[in-house]
Amino acid sequence: MFSFMIALNPETKSAYKLLHDGALALARCESHGMRVDVKYIKKQQKVLTEKIESLEAEFSKTNFYKEWKKSEKGKLNIYSNKQLGEFIYKELGHKVEKRTTKGNASTDIEALQNLGIKDLEPYLKIGKFRTLKKTFLKGLETEVINGVVYPFFHLHIPVTYRGSSSSPNFQNMPKRDPEQMNIIRGAIFPSKGHQILELDYAQLEVRIAAAYHQDPTMLTYINDKSTDMHRDMAQQIFKINKYNPKDKTHSYARSATKNGFVFPAFYGDYHVGFAKTLASFKWMGLPAHGTWKDTDGAAFKNKTMGHHLIKHGIDHLGLPTYENGKKVSQPTGFTKHLQEIEKHFWGTRFPVYDKWKEDWYQQYLKDGYFYNKTGFTFQGVMNKKDCINYPVQSSAFHVLLWALIAGIKAMLSDRWKTRFIGQIHDSIILDVHPKELNQIVKIMRCIMENDVRKHFPWINVPLEIDGEICDVDCAWSTKREFAIDKL
DNA sequence: GGAACTCGCCAC
DNA sequence: AAACGTGGCGAGTTCC
């Protein structure tokens, strides 16, 4: 056995206490659970089954299906990725554009869409309904006890010291796709006479990262509300001279930039990834195949962002090419454009952040371990991206966990009727008594924005929360913005 | 018949 | 030179 001489972190005791109190707080959430409508679940399962069967019927009429069936000699399972991949790439001879992490030909939605096979359209629609039915609705149905499900919350699973949830997983209910969101969250209800409230930190990881690297430009973006990092980056990427928030294309550009460039860049992605993601957004109006100048495809329309870029001389994707894992051609077009912006992003816009990443990693290479801001040890084999991400992800979650613990303390001492349902990494979900709503939002806001900073004085940036509220006795799908500033 | 693996897809 | 961090979970496949 090896024995390690690791210096004792003076914060270790408080780190232990956070996990201890956190486990008790989450146990309270687990014992409260959330109400689900079992009749609704059964009804939706039926609706989804019919949708799936009708799409399967439509697909089975296509030539693609008939050929595929023939080639499988009666053993066709349309949900076998192995069969699908072999038929498309070996039998039909399509070029493999995307591979899985293990290096096999990918059959995910993106890969299939890029093949441009019209017969696959009904097939592609089936996937999301199957996930809704087999994962989410069935997950709730399996776990329900007398109309209530009790998700588990764990603190000992992620290597980053984040939390996780299971049976059912409370932390991955559909949210972004309105159709999926409505179907699943439509099954989840507050206690009788209550309403569901969600309080989430705005840009928590970005702010916690700033507490580590102290980049002055990032601090300005966080402190000065007249500035907007995503807007600035969107203007640069999409060559927008004057940003107009009322222009739909501009606001799409901002959100695409946030999700397709800025966040992936913080996680360690680079220009090839940015280019693929950004070009795939539908609002760009770019054709899935050929050059962007190719206007035969119905996908290309005037007045799209794609058209705007072409006018500025960015007229093709320009991914670098590889042979046997070696780069044999440099990026051009959109990818080269993003490569230049990436260089400016780290080298000129956030040089202090960039230097922190390198220094932090070098320190780990020297020591073999590091501590995060909340007093936890990280050791073992880590690459540079792990080293940069783990301390931020963990401490961001610990801020939330501390706020949850403090909230439950207040609930007990002030005898609230309101209860806590759970935690989703940077948000807290409550089952609120309507008469307590305003007061509780005020108390929680004070805990989440102010008290937590007194407990963790290394947070030298403001913290802000947003709120979402559902109607009384109504499902989680009825959530809408809750203007906590106006209280 | 179950364990382990891969893939795809949902969340942050 | 190469390249996206953390989970849970269902389905299909392979191996024992």
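**Figure 1. Buried residues of helix α8 in the predicted model.** In α8, the buried residues are L204, V206, R207, I208, A209, A210, A211, Y212 and H213, where buried means under 20% relative accessible area, exposed means over 50% and partly exposed lies in between (1.4 Å probe, protein chains only). Helix α8 spans residues 204-213 and is mostly covered, with 9 of its 10 residues buried. Helices (H or I, at least four residues) and strands (E, at least two) are DSSP runs, numbered from the N terminus. The buried residues of α8 pack against β6, α9 (216-223), α10 (229-237), α11 (248-267), α15 (351-367) and α16; contact here means heavy atoms within 4.5 Å. After α8 comes Q214, with a positive phi near 60°. This is a predicted model, in which local features need pLDDT of at least 70 and side-chain atom pairs count only at pLDDT 80 or more, while totals for chains, interfaces and linings use all residues; side-chain values use heavy atoms, with hydrogens and water left out. Residues are numbered from 1 along each chain as its sequence is written, and chains are lettered from A and ligands numbered from 1 in the order in which they are written.

**Figure 2. The nonpolar cores.** A nonpolar core is a set of buried Ala, Val, Leu, Ile, Met, Phe, Trp, Tyr and Cys residues joined through side-chain atoms within 4.5 Å. The largest such core has 123 residues, of which Y201, F238, F334, V399 and F420 touch the most other members. Helix α16 (residues 384-413) supplies the largest share of this core, 17 residues. With residues up to four places away in sequence not counted, V399 touches Y201, L204, I208, V452, F456, W458, I459 and L463. A second, separate core holds 16 residues, including Y65, L112, Y123 and L124. In soluble globular proteins, nonpolar side chains tend to be buried together.

Figure 3. Strand β12 (residues 427-432) is mostly covered, since 6 of its 6 residues are buried. In a regular strand the side chains alternate between the two faces of the sheet. Both faces of β12 are covered: S427, I429 and D431 are buried on one side, and I428, L430 and V432 on the other. Strand β6 (residues 195-201) runs antiparallel to β12 and is joined to it by 6 bridges; two strands pair if DSSP finds at least two bridges between them. Within this pairing, Q195 stands opposite V432 of β12. Strand β11 (residues 419-423) is also antiparallel to β12, through 4 bridges, and R419 has D431 as its bridge partner in β12. The hairpin of β11 and β12 has 3 residues between the strands, and H425 takes a positive phi near 65° there.

Figure 4. Strand β13 (residues 465-469) is largely enclosed by the rest of the structure, because 4 of its 5 residues are buried. Strands β6 and β13 run antiparallel and are joined by 5 bridges, with D200 opposite D466 in β13. Strand β14 (residues 480-482) pairs with β13 in the antiparallel sense over 3 bridges. In that pair, E468 stands opposite E481 of β14.

**Figure 5. An open sheet of 3 strands.** The order of the strands is β2-β1-β5, with antiparallel pairing. β2 (148-149) and β5 (188-189) stand at the edges, each with a single partner strand, so one side of each is left without a neighbour in the sheet. Strand β1 (residues 34-36) is joined to β5 by 2 bridges, and V36 stands opposite I188 in β5.

**Figure 6. The protein surface around DNA strand B.** DNA strand B is surrounded by 20 residues, the closest being T100, K102, N104, T107 and K175; a residue is near a molecule or strand if one of its heavy atoms lies within 4 Å of it. Among the atoms of DNA strand B within 4 Å of the protein, 89% belong to sugar or phosphate and the rest to bases. A side-chain N or O atom of R162 is 3.1 Å from a base oxygen of DNA strand B. For Q180, a side-chain N or O atom is 3.2 Å from a phosphate oxygen of DNA strand B. For D426, a side-chain N or O atom is 2.9 Å from a sugar or linking oxygen of DNA strand B.

Methods:
A polar contact is a pair of N or O atoms within 3.5 Å; within protein, one must be able to donate a hydrogen and the other to accept it, and residues adjacent in sequence count only if both atoms are side-chain atoms.
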